[in-house]
Amino acid sequence: MGDVTARIAEIVGERNLLSGDSVPDDYAKDESLTVGAVKPAHVVKPATAEEVAAVLAVASENGLPVTARGSGSGLSGAARPREDGLLVSFERMNAVLEIDTANQVAVVQPGVTLSELDEATKDAGLAYTVYPGELSASVGGNVGTNAGGMRAVKYGVARHNIVGLQAVLPTGEIIRTGGKTSKISSGYDLTQLIIGSEGTLALVTEVIVKLYPRLPHAATLLAPFGDLDQVMRAVPEVIASGLTPNILEYIDNLTMAAITYNEKLELGVPEEVRNATQAYLVVGLENRDGERLDGDVERAGELLGELGASDVYVLDGGSARKLIEAREKAFWTAKAAGADDVIDVVVPRSEMPGFLAKVRELATAAEAGAIGCGHAGDGNVHLGIFCKDPEKRHRLLHDIFAAGMAAGGAISGEHGIGQAKKDHFLALEDPAKVALLRRIKQAFDPKGILNPDVLFD
């Protein structure tokens, strides 16, 4: 490896290559609760696409496993490196290259965090609308996992908000896909193929993201329901009403109690209502006009009452902001409470009541807990799994994933498969599809150096 490290150090500069004991512990893992830490042999910090290309060419030539890393905030173990491998950290590639107001896009490097991009677009009155719950997450990480978040009910997930990429193939070639255009029909859509591929096909070095106007007026409604099924059945009705919520979240009573306690939230819900509530629906509305927003709030309150809410609370600005922030931190709340895993199965909205009933049945049979919240507007169910026995937990997760797929859904809506869910994915997915995915992987990465432990064995 001496010659290899010397060549990589020559490409990026000696201080941008860490090896052996000089590699900090933080590079050994992401935030997955089940995928253990593994220190890579080397960490490289390139500054340009050309440096990435040169590094990958050396890695490919020498069969060196390569793992990409943004902020390390992922939840599937996709950023855990190989012990004998090279971790490519994009922390130096963190520039916002352009805010193009005419085309309403931004061109950014993959290491830019969501908070940095939000700040950079603020003066233009625009925003990138993918908020997966952690503002320290990087745009490159959004690409890798096809991240979503609470606002996906209105704006979609990463693949709906990314129109172009610059990427480096494992052979060292630099390609561009898509662009600033709003549509394209010219051959295979490589942009969409790379999005969500979890670093297994190419390393992204530049991202063109859609921007939307920041609407000046917003309101958040909190509706307690005495029955979780009522919440789930209310969701399609709210969407069909034409109110166009930008947030539509369900939070079960245990999770709400935990996040309000941890964050010291005062939401104005009387104790007798809290005690009679099984789950809450959080509805976010926004508009360019204050009077129109007031009308939407009034209609939403009426509709939620008709659908079975015991009451409807219009939260003040501070309480609304704190509740949304607390909901975004639900993973940390579950982790602090001792959750053994956190999963994010996605099903069609109409299947959520039946799926959640099945989850409760499976968890009860396994003498385990499965509590949480989720993006009710897009069917993405986030569950904290409390089950200490590893074998019992593996069976429970397998059964939950199988139930989600039987309902027309998928194992993950936004966290990705990574290393954490790989065994379940390979066991439950259509073998013909897995075989096709393997052939795509082979076409992009003939030597299999990119994230070899992710998605496939």
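Buried means under 20% relative accessible area, exposed over 50%, and partly exposed in between. The exercises below apply to a predicted model.

**Exercise 1. A helix pair**

Task: Determine how α1 and α2 are oriented to each other.

Solution: 
- Step 1. Take the geometry. Helix α1 spans residues 2-12 and helix α2 residues 49-62; they pack at about 170 degrees, with axes 9 Å apart.
- Step 2. Apply the cut-off. Angles over 145 degrees count as roughly antiparallel. α1 and α2 are therefore roughly antiparallel.
- Step 3. List the contact. From α1 come Val 4, Arg 7, Ile 8, Ile 11 and Val 12; from α2 come Glu 51, Ala 54, Val 55, Val 58, Glu 61 and Asn 62.
- Step 4. Sort these residues. The contact holds 7 nonpolar, 1 polar and 3 charged residues.

**Exercise 2. The buried side of α3**

Task: Find which residues of α3 are buried, and how they are arranged around its axis.

Solution: 
- Step 1. Helix α3 covers residues 114-122, and its buried residues are Leu 114, Leu 117 and Thr 121.
- Step 2. Look down the axis of α3. The buried residues fall within an arc of 60 degrees, so they line one face of the helix.
- Step 3. Recall the helix repeat. An α-helix has 3.6 residues a turn, so residues three or four places apart point the same way.
- Step 4. Identify the cover. It includes β5 (96-100), β6 (105-108), β7 (126-127), α4 (139-145) and β10 (203-210).

**Exercise 3. A loop asparagine**

Task: Describe the surroundings of Asn 246.

Solution: 
- Step 1. Asn 246 sits in the loop between α8 (228-240) and β13 (247-252).
- Step 2. Its relative accessible area is 9%, so Asn 246 is buried.
- Step 3. Leave aside neighbours within four places in sequence. Asn 246 then contacts Met 150, Arg 151, Val 153, Lys 154, Tyr 155, Gly 284, Leu 285 and Glu 286.
- Step 4. Take Gly 284. It is 38 residues from Asn 246 along the chain, yet their C-alpha atoms are 5.5 Å apart.

Technical notes: Residues numbered from 1 in each chain as written. Predicted model: local features only at pLDDT ≥ 70, side-chain atom pairs only at ≥ 80, totals over all residues. Heavy atoms only, no water. Axes fitted to C-alpha atoms, helices over the stretch in contact; angles between N-to-C directions. Helix = DSSP H or I, 4+ residues; strand = E, 2+ residues; numbered from the N terminus. Parallel < 35°, antiparallel > 145°, perpendicular 65-115°, else oblique. Contact = heavy atoms within 4.5 Å. Nonpolar A, V, L, I, M, F, W, Y, C, P; charged D, E, K, R; others polar. Buried < 20%, exposed > 50% of the residue type's maximum accessible area, 1.4 Å probe, protein only. Arc of directions from axis to C-beta.
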